[in-house]
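Look at the model below, then read on.

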Amino acid sequence: MSAVVITVTSGKGGVGKTTATANISTALAAMGKKVVAIDADIGLRNLDVVMGLENRIVYNLVDVVEGTCRLRQAMIKDKYLPELYLIPAAQSRDKTALTPGDMIELTNQMREDFDYILIDSPAGIEQGFKNAIAPADRVLIVTTPEVSAVRDADRIIGLIEAEGKYSSDLVVNRVRVDLVRRGDMLSTEDVVDVLAISLIGVVPDDESIIISTNQGRPAVLQNGSLAGQAFRDIAARLTGQTVPFMELDGHDSFMKRLSKLFKL
Amino acid sequence: MPNDRIKIKGTSNGLVITLGAGAWPRLVEELDALLGERASFFKGGRVALRVGARLLSTADIEAVGQVLSKHHVTLWAVESEAEETRTAAAELGLEVELEPRPISPEQSRPTAGDTILIRRTLRSGQVVEFPGNVVVIGDVNPGAEIRAGGNVVVWGRLRGAVHAGMNEELGEMAVVCALDMSPSHLRIGDYLALSPADDSRTQIVPEMAFVHDRQIVAEPWSV
């Protein structure tokens, strides 16, 4: 077994990197994969909160790198899934506490024991981003259908290509079908058109994400959540399955289909 | 661990150092350390770098060149699959092929008459600077920049910034062509045009921009 290291990044902050990391990691683990999620956002840790593991943190990523603890001690077992682990970020330090080499070494130590290692990158293009991207085999670029987020995603893709890495996929997050239909929001096609990389998922704007984030229980664990379904589809595509893209245009009919499904 | 990403091999062309993935400044640091460890082995040698598809600017190459010369090692070639990296290396007077070629380095340096072909999307923050003509097959996204001594042709959408005719001899005689001409900022020689605030075009057609009557005009390209 040799894990695939997937870094989730965006450039712009607040577009849903952490939500995407938590949900995709959880979805992969729910498929029976062995998964580690690493929060590389040193100083502004969040992934533990979204996964509901905040009060179990004893050691963190920086402790491992500095040798304060063993790797296994910093790995927090998930509440819901047995094969999912989190390595939290340090909160009292900053991005300079790590180097890209540290991240490569750390992920190499885990590759043998896991199927997927997901890294939640901090926003920006500085040291923290470079740390997060260094060990990546694949990169997921998260953007929202807003011009500013797309600009930043474009810049990030350029920087990743300059590192000699070409396996980037695009996640368009928080799509609002009503706004797209009125022509008030960029459509997914517009975004893909500008960024010219392959699309791996379209996630609708969904209030279940806010609720699940506050509860610390990723939306993929809830059956009725449209965004959760979208993240499950992304996880399936990462494992090589072909999954058709959700019919976001037929929002109502999809909900009806979904509710029909559960009545059966 | 660092030696995973830096491989050193002796070939018929002398020492070849292959630099793998990772942040460039860090690789340069690691190379520095490695050369320090085996100083006597490297001293007085000449090496070629193999950098894969990595995009390097002249400054990046100069940085590694300085580290090498600190250890009394001469850099003579940078081999890369990326056109920009090759151009940057050529501008510094380095070879871009490890196999000796019949032409002398003097002849292989780019001049105003040369053309560089870029077959990918130029993204925000990426800058292409070339003394000759620049042809892009792909889009030039907002935030990207092309600075060319000569003409610029974009077989795609031009939404970034372009400065054509930076070479004084050519200057305002240069033209800029694009399938979809909507640059944020267009300069030809000393003339400057900003894109109109609102895009009122009903139909997108290929256009050619040039200087006419002391201002930049764009005309539809018709056959």
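## Helix α1 of chain A

After α1(A) comes A:G32, with a positive phi near 95 degrees. Helices (H or I, at least four residues) and strands (E, at least two) are DSSP runs, numbered from the N terminus. The model is predicted: local features need pLDDT of at least 70, side-chain atom pairs count only at pLDDT 80 or more, and totals for chains, interfaces and linings use all residues. Residues are numbered from 1 along each chain as its sequence is written, chains are lettered from A and ligands numbered from 1 in the order in which they are written, and side-chain values use heavy atoms, with hydrogens and water left out.

How does the span of α1(A) agree with what its 14 residues should give? The expected span of a helix is 1.5 Å times one less than its number of residues. For α1(A) that should be 20 Å, and its end C-alpha atoms are 20 Å apart, which agrees. The helix is mostly covered, with 13 of its 14 residues buried. Buried means under 20% relative accessible area, exposed over 50%, and partly exposed in between (1.4 Å probe, protein chains only).

## A:T21 inside that helix

A:T21 lies in helix α1 (residues 17–30) of chain A. Its relative accessible area is 0%, so A:T21 is buried. The side chain of A:T21 reaches the backbone oxygen of A:K17 at 2.7 Å. Apart from residues up to four places away in sequence, A:T21 touches A:V8, A:L47, A:L118 and A:D120. Contact here means heavy atoms within 4.5 Å.

## Helix α11 of chain A

Helix α11 (residues 226–238) of chain A has 13 residues. From first C-alpha to last it reaches 19 Å, close to the 18 Å expected. Eleven of the 13 residues of α11(A) are buried, so it is largely enclosed by the rest of the structure. Among them are A:F231, A:D233 and A:R237.

At the start of α11(A), a side-chain oxygen of A:S225 reaches to within 3.5 Å of the backbone nitrogen of A:A227. After the helix comes A:G240, whose phi is positive, near 100 degrees.

## Salt bridges within the chains

The structure holds 19 salt bridges over all chains. A salt bridge is a side-chain nitrogen of Lys or Arg within 4 Å of a carboxyl oxygen of Asp or Glu. One of them joins A:D137 and A:R111, with the closest N and O atoms 2.8 Å apart. This pair links distant parts of the chain, 26 residues apart: A:D137 is in the loop between α6 (127–133) and β6 (138–143), and A:R111 is in helix α5 (residues 100–111).

A:R138 lies in strand β6 and A:D169 in strand β7 (residues 168–175), so the pair ties together parts that are 31 residues apart in sequence. A:D169 is buried, with a relative accessible area of 9%.

## Chain B

Chain B has five helices and 15 strands. Its C-alpha atoms fill a box of roughly 65 × 35 × 30 Å, taken along the principal axes. Of the 223 residues in chain B, 44% are buried.

B:T85 sits in helix α4 (residues 83–91) of chain B. It is buried, with a relative accessible area of 0%. The side chain of B:T85 reaches the backbone oxygen of B:R54 at 2.6 Å. B:E84 forms a salt bridge with B:R120, the closest N and O atoms being 2.3 Å apart.

## Where the chains meet

The contact takes 21 residues from chain B and 20 residues from chain A. Together the chains bury about 1,800 Å², 48% of it on carbon and sulfur atoms. Buried area is the accessible area (1.4 Å probe) that two parts lose on being put together, summed over both.

How many salt bridges are there between chain B and chain A? The count is three. In one of them, the side chains of B:R123 and A:D154 meet at 2.9 Å, N to O. A:D154, A:E161 and B:R123 are linked in a network of salt bridges.

Note on methods:
A polar contact is a pair of N or O atoms within 3.5 Å; within protein, one must be able to donate a hydrogen and the other to accept it, and residues adjacent in sequence count only if both atoms are side-chain atoms.
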